[in-house]
Protein chains: 2
Amino acid sequence: MLRAASRVPDHGTRVPFRFLRIAGEARAALGEVLASRKREIDPDVPDAVLDKERLRFSHAPVIVAVVAQQGYDAKIPASERFSTASCVCFALLQAAQAAGFGAQWLTGWAAYDPVVRERLGIGQDEAIVGFIHVGTALTEAPERERPDATALLSDWQA
Amino acid sequence: MLRAASRVPDHGTRVPFRFLRIAGEARAALGEVLASRKREIDPDVPDAVLDKERLRFSHAPVIVAVVAQQGYDAKIPASERFSTASCVCFALLQAAQAAGFGAQWLTGWAAYDPVVRERLGIGQDEAIVGFIHVGTALTEAPERERPDATALLSDWQA
């Protein structure tokens, strides 16, 4: 799956991404990090919120964080490397689903919080583009309304 | 193809993208915009460079610019909307190839230049994520070396 997810457009072939797997006991441990950080931010946070944070990474057996390299590059803008890592997330979803798993791309506050980022070992020049949760689907994901592509299209005229 | 390309992960269902088609005579007209802007930036630019700019949008019969909405949003970060638009580019490549066309994602300086952006009608709160060139492939795209996904993987430990 990771091999399929690594086949993405990549301007300048920088391979500007890496995978951080969160599995087994690390899932609950990361939940504790989140809950304790939430309490640090807001000492009055309700217990129900803390419980939700504790379980955030325990719904699927494995979660893969896709991390983008966003440091200085003389030729390739950070945004293009962010695009590459975004495509990795999308391709990983597709690969997981093709293999018969359910998969969901979640980002959420933990991806942006400096304390959580540090605990995850994310560098100053890196960004978490998504957490891809992979497991066995218990229900079929409901189809949602899709945009009308025609309405999104216009023609450029000089 | 645009309908397939619009089926992407989209946090908050913002549909934070639109398509700008550049086809027919608009392609050469956009080439003229690029060449004249290049000369404005550097009056000593070689003719060969100008010729290259003039033809930049004339290699394929149709080019679709994918434009991301990056304006203020109280809940969904601009980076997540950029990810969605990046997925649109990737899905459009896949849809074009599935339909038997050749397709290439190019971004390049024109996507970032304020004068070109204005001529294309790109708003201050929008970003061009890619120009997807679609046509008939004249040669088979050579396979390039792909990253070793295993080497990109690490396990998080608390």
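1. Angles under 35 degrees count as roughly parallel, over 145 as roughly antiparallel, 65 to 115 as roughly perpendicular and the rest as oblique. Keep that scale in mind for point 3.

2. This is a predicted model, where local features need pLDDT of at least 70, side-chain atom pairs count only at pLDDT 80 or more, and totals for chains, interfaces and linings use all residues. Residues are numbered from 1 along each chain as its sequence is written, chains are lettered from A, and side-chain values use heavy atoms, without hydrogens and water.

3. Look at helix H4 (residues 78-98) in chain A and in chain B. The two pack at an angle of about 65°, and their axes lie 8 Å apart. H4(A) and H4(B) are therefore roughly perpendicular to each other.

4. Which residues of H4(A) make the contact (heavy atoms within 4.5 Å)? They are Ser79(A), Phe82(A), Ser83(A), Ser86(A), Cys87(A), Phe90(A), Ala91(A) and Gln94(A). H4(B) contributes Ser79(B), Phe82(B), Ser83(B), Ser86(B), Cys87(B), Phe90(B), Ala91(B) and Gln94(B). The set divides into 8 nonpolar, 8 polar and no charged residues.

5. Now chain A as a whole. It has 5 helices and 5 strands, taken as DSSP runs of at least four residues for helices (H or I) and at least two for strands (E). The order from the N terminus is α-β-α-α-β-α-β-α-β-β.

6. The C-alpha trace of chain A spans about 60 × 40 × 35 Å along its principal axes. Of its 158 residues, 47% count as buried, meaning under 20% relative accessible area with a 1.4 Å probe, protein chains only.

Methods
Axes fitted to C-alpha atoms, helices over the stretch in contact; angles between N-to-C directions. Contact = heavy atoms within 4.5 Å. Nonpolar A, V, L, I, M, F, W, Y, C, P; charged D, E, K, R; others polar. Buried < 20%, exposed > 50% of the residue type's maximum accessible area, 1.4 Å probe, protein only.
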